[in-house]
Amino acid sequence: MAVELKVPPVGESITEVVIGDWLKSEGDAVARDEVVAMIETDKVTVELPAPTAGVISKILIAKGQAAAVGDVIGLLEEGAADGKEKAPAKAGNRAPEPKQSTAPQETPAPKETTAKESEPAPEDDDQPVPSKRVQEIRGSLPPQAFARVMPSARRALREKGLRVEDVEATGPGGRILKEDVMRTPARPEEPAAEAPAPAPARDTGDRLEEVVTMTPMRKRIAQRLVESQSTAALLTTFNEIDMSGVMALRKQYQASFQEKYGIKVGFMSFFVKAAVDALKLIPQVNAEIRGNDIVYKQYYDIGVAIGGGKGLVVPVIRNAERLSFAEVEQVIAEYGKRAQANKLKLDELQGGTFTLSNGGIYGSLLSTPIVNPPQSGILGMHAIQERPVVRDGQIVIRPMMYVALTYDHRLVDGREAVTFLKRVKECIEEPSRILLEV
């Protein structure tokens, strides 16, 4: 009995997804609850488990194609035992259609093909039979499909006189790497006959173009950023912060902090706390516009921009005003690990009231971050550099950081924006202010 594999509900506002990858191919046996495919949305990647044990009988929507929630993307034939028995037979049989058991006898291949079929036997140890997944990838590539061939691999193909279909691709997305070409033995009869033929197709130098479908997450990022620029009156104000106080405090208590909490104290917890303090002082930056109304929020859900495995994500630290420095650091560390593994949950990416973006970890010295609507502000942190500054009439060298506040001028005036940023500066330069709230 065929069981339908459907796209599961992945969020209230999400109606369309993209098939990220099939972890199983047609004919593969699967156990109950074993993950068979990855479903990509504009926010997260979710797993599609098998509802029952059986064999993947049909893949209806291929990797990279779009589907709607509830669509049937594949069929699963129930019966794990049958599936396990068929799998080895299929692997050992080179014929692509096992049901036609008499086909090889009724339609024998020409002598040339028969000779080739008799030759691989002694070479199987060095040249393993390509997997079904590799055969599918190879079958999807037309002859001379150089958009799938890396530049170094293309040069190696030229030198060895090989064709694309001669090489087993092992690179991401079915790309042919130089290593794949080097593992493939040259065919002595082909260089003379094949070398002249593909010359026109290869006479383009290394000017390659690769067309890749935009992921749902990248589409969503693009949509939100354009929406922010076109619907809000964005303005950015700057300041610089002397990081000496925070750095001295971290150095003094780093060992005992790490011993007690099992994690290092970083700069982000200080900026989260400083931002909450400043938001309490200037509530407009923590508010949002809904139609003709202004909604002032009495809670502080701080989003922290993190470079995830597939793009920028902004998980939210809920009720940051209630958390200690250690709890903030632990939440950020956990989000960072799961962002790299694409394991963040949808509700962890929604509902922030203000955002922090630390471009300094990538070396950014100055930038103008873009507000994530419907929020009204975002604080950009940047690289720490030692610079000469004047203190008490003396020129001294201090670790300085530029900070930038981008805000929605429809709601936040310049005075409030400058006051907010100045308060952040005061809290970071004198961390005791955060505790005393002065």
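Q: What should I know about the numbering and the model before I start?
A: Residues are counted from 1 along each chain as its sequence is written, and side-chain values use heavy atoms, leaving out hydrogens and water. The model is predicted, so local features need pLDDT of at least 70 and side-chain atom pairs count only at pLDDT 80 or more, while totals for chains, interfaces and linings use all residues.

Q: Which residues other than glycine have a positive phi?
A: Most residues other than glycine have a negative phi, and most peptide bonds are trans. Here, Asn342 has a positive phi of about 55°, and phi of Asp392 is near 55°.

Q: Is Asp392 buried or exposed?
A: Buried means under 20% relative accessible area, exposed over 50%, and partly exposed in between, with a 1.4 Å probe and protein chains only. Asp392 is exposed at 80%, and Asn342 is partly exposed at 23%.

Q: Where is the cis peptide bond?
A: It runs from Pro373 to Pro374, with omega near 10°. Pro374 lies in the loop between β16 (354-358) and β17 (377-391); strands are DSSP runs (E, at least two residues), numbered from the N terminus.

Q: What is the order of strands in the open sheet of 4 strands?
A: Strands of a sheet pair through backbone hydrogen bonds, either parallel or antiparallel. Two strands pair if DSSP finds at least two bridges between them. The order here is β5-β4-β2-β7, with antiparallel pairing. β5 (45-49) and β7 (66-68) stand at the edges, each with a single partner strand, so one side of each has no neighbour in the sheet.
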